[in-house]
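Hi,

Here is the model I promised to pass on, followed by some notes on what turned up in it. Have a look whenever you get a moment.

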Amino acid sequence: MSTRGRIIEEALRLFAERGYNATSVAEIEAAAGLSPGAGGLYRHFKSKYEVLAAAVADRAARNEISLDVAQTEPIEVRLAAMCRAGLGKMDEERMLAQVFFRDLSQFPDLVAVVTAGLLQPMFDALTEWFACQPEYLDAQVDWAGVGSVLGGSIINYRLIEYTTGEAPGRVATDRFVSAWIRLALGLLPPGVCGDGWVEETVEQPREPGGGADDERDAGDLVEAR
């Protein structure tokens, strides 16, 4: 990796861990293998802000979501693949997400870059995907609205997990995916259904704080018998 690339990577990592304002140029230089305080960063960037802008532009350009599932697969399998692809994209851009939601409000121009280059394309991809699935072709649904809700739930799930160290409601990823599929299946037109999969109903014990015990597999999708 080039020196410029190392500076961008290490700066983004430090911004995600400590915050933009709490990270100094000297710390970025040290993390990138340069002599701290010697001005090596300024041979590649004019300022700390320019490093952040370069990192944001680079990540915002990576807006593809890889979805390796055939349309001949059952709808539940395709939905699971889409949901997990969205979660995977959030994991891939975890550092950017942390910086975006903690620090970028002070930089409206960079908010616009992330929104146009990364977030909106993700919502658009989800909207287009639903509209193209054969089971949903006759559904009279506001797919942009659906994409906003289902896509937003994926982003929110990961952001809370990144911020607090716990999944929302202490619901593990598999259970979140199962619930997400259940909601999406509810959009199918009358008379159209999947391949007989239902969500197993298991009584959920409550901890004192009100969260469900994640060690139970209540959210797993199982084939109806």
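Predicted model: local features only at pLDDT ≥ 70, side-chain atom pairs only at ≥ 80, totals over all residues.

Residues are numbered from 1 along each chain as its sequence is written, and side-chain values use heavy atoms, with hydrogens and water left out.

The protein chain has 8 helices and 2 strands (DSSP runs numbered from the N terminus: H or I of at least four residues for helices, E of at least two for strands). Along the sequence the pattern reads α-α-α-α-α-α-α-α-β-β. Of the 225 residues, 40% are buried (buried is under 20% relative accessible area, exposed over 50%, partly exposed in between, with a 1.4 Å probe and protein chains only). Among contacts with a separation of 6 or more, 65% are between residues 24 or more positions apart (a contact means heavy atoms within 4.5 Å).

Back to the cavities. On a 1 Å grid over the protein atoms alone, a cavity is a set of points where a 1.4 Å probe fits but cannot get out, and lining residues have an atom within 4 Å of a point. Points are joined across faces, edges and corners, and a volume is the space filled by probe spheres set on them. The count is 2 cavities of 30 Å³ or more.

The largest holds about 120 Å³, and its lining is I65, M82, G86, M122, F123, L126, G151, I154 and I155. Helix 4 (75-92), helix 6 (108-132) and helix 7 (143-164) each give two or more residues to that lining.

What about the core? The largest nonpolar core has 58 residues, of which L52, L79, L104, F130 and W180 touch the most other members (a core is a set of buried Ala, Val, Leu, Ile, Met, Phe, Trp, Tyr and Cys residues joined through side-chain atoms within 4.5 Å). Leaving aside neighbours within four places in sequence, L104 is in contact with L52, V56, V99, L110, V111 and V114. In soluble globular proteins, nonpolar side chains tend to be buried together.

Last, the salt bridges: the whole structure has 13 (a side-chain nitrogen of Lys or Arg within 4 Å of a carboxyl oxygen of Asp or Glu). R18 pairs with E27, the closest N and O atoms being 2.8 Å apart; R18 is partly exposed at 43% relative accessibility, and E27 is partly exposed at 29%. R102 and D103 meet at 3.7 Å, N to O. Here R102 is partly exposed at 41%, whereas D103 is buried at 8%. E166 and R170 form another salt bridge at 3.6 Å, N to O. Elsewhere, salt bridges that share partners join E9, D58, R59 and E93 into one network.

Cheers

Conventions
1 Å grid on protein atoms, 1.4 Å probe; cavity = no way out; pocket = protein on both sides within 12 Å on 5 of 7 lines; lining within 4 Å.
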